[in-house]
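Here's a quick briefing to read alongside the model. Have a look at the structure first, then go through the notes below.

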Amino acid sequence: MGWFSRRSRTAAAEGTPTKLDREATREDLAALEAFVASRTGVEFYLEPETTATDTTVVAIAHDGEWIRRRTGSPRVAGALARKHALPLYEAAKTGYPERMRAWNRAHPERRAR
């Protein structure tokens, strides 16, 4: 009967995505490139696409400062890493470096956002 179904049968049949977030933009990639240009020892950590968020990269500098931006796909993230000769790790496999957690503890104002 489908009384309790939240999605209509037509949407389910059409394969309509349930993505809740926006796609990557040129501004996202520009922010990553600006971070790389202004910091030293930057590494990229790839985060896979989820139903709520597009593929993202966390760029972490030598001191632990970091930013997270959408890239749209792992291929784009890889191309950006190669362009700047940066290592690219899969966050799900390697985790994040301790310096990032230490930086977060030292800058609690970042968590307020």
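Let's start with a pair of charges: E90 and K93 join their side chains in a salt bridge, at 3.6 Å from N to O. (A salt bridge here is a side-chain nitrogen of Lys or Arg within 4 Å of a carboxyl oxygen of Asp or Glu.) Keep in mind that this is a predicted model, where local features need pLDDT of at least 70, side-chain atom pairs count only at pLDDT 80 or more, and totals for chains, interfaces and linings use all residues. Residues are numbered from 1 along each chain as its sequence is written, and side-chain values use heavy atoms, leaving out hydrogens and water.

**Salt bridges**

- The count by this rule is 7 salt bridges.
- E90 is partly exposed at 42% relative accessible area, while K93 is exposed at 67%. (Buried means under 20% relative accessible area, exposed over 50%, and partly exposed in between, with a 1.4 Å probe and protein chains only.)
- E98 pairs with R101 at 3.1 Å, N to O; these two sit 3 residues apart in helix α5 (residues 98–106), so about one helical turn separates them. (Helices are DSSP runs of H or I with at least four residues, strands are runs of E with at least two, and both are numbered from the N terminus.)
- R105 also bridges to E98, at 2.9 Å, N to O, and the shared partners link E98, R101 and R105 into one network.
- E98 is partly exposed at 44%, as is R101 at 38%, whereas R105 counts as exposed at 52%.

**Nonpolar cores**

- The largest nonpolar core holds 14 residues, and L32, F35, V42, F44, V57 and A59 have the most contacts inside it. (A nonpolar core is a set of buried Ala, Val, Leu, Ile, Met, Phe, Trp, Tyr and Cys residues joined through side-chain atoms within 4.5 Å.)
- Two or more residues of this core come from each of α2 (26–38), β1 (43–47), β2 (56–60) and α3 (74–83).
- Another core, of 7 residues, lies apart from it, and V58, I60, W66 and W103 are among its members.
- Leaving aside residues up to four places away in sequence, F44 touches V36, V57, V58, A59, A77, L80, A81, L86, P87, L88 and Y89. (Contact means heavy atoms within 4.5 Å.)

- A85 is in the loop between α3 and β4 (88–90), and its phi is near 55°, a positive value in a residue other than glycine.
- Most residues other than glycine have a negative phi.
- A85 is exposed at 68% relative accessible area.
- A92, in helix α4 (residues 91–94), is exposed at 70%.
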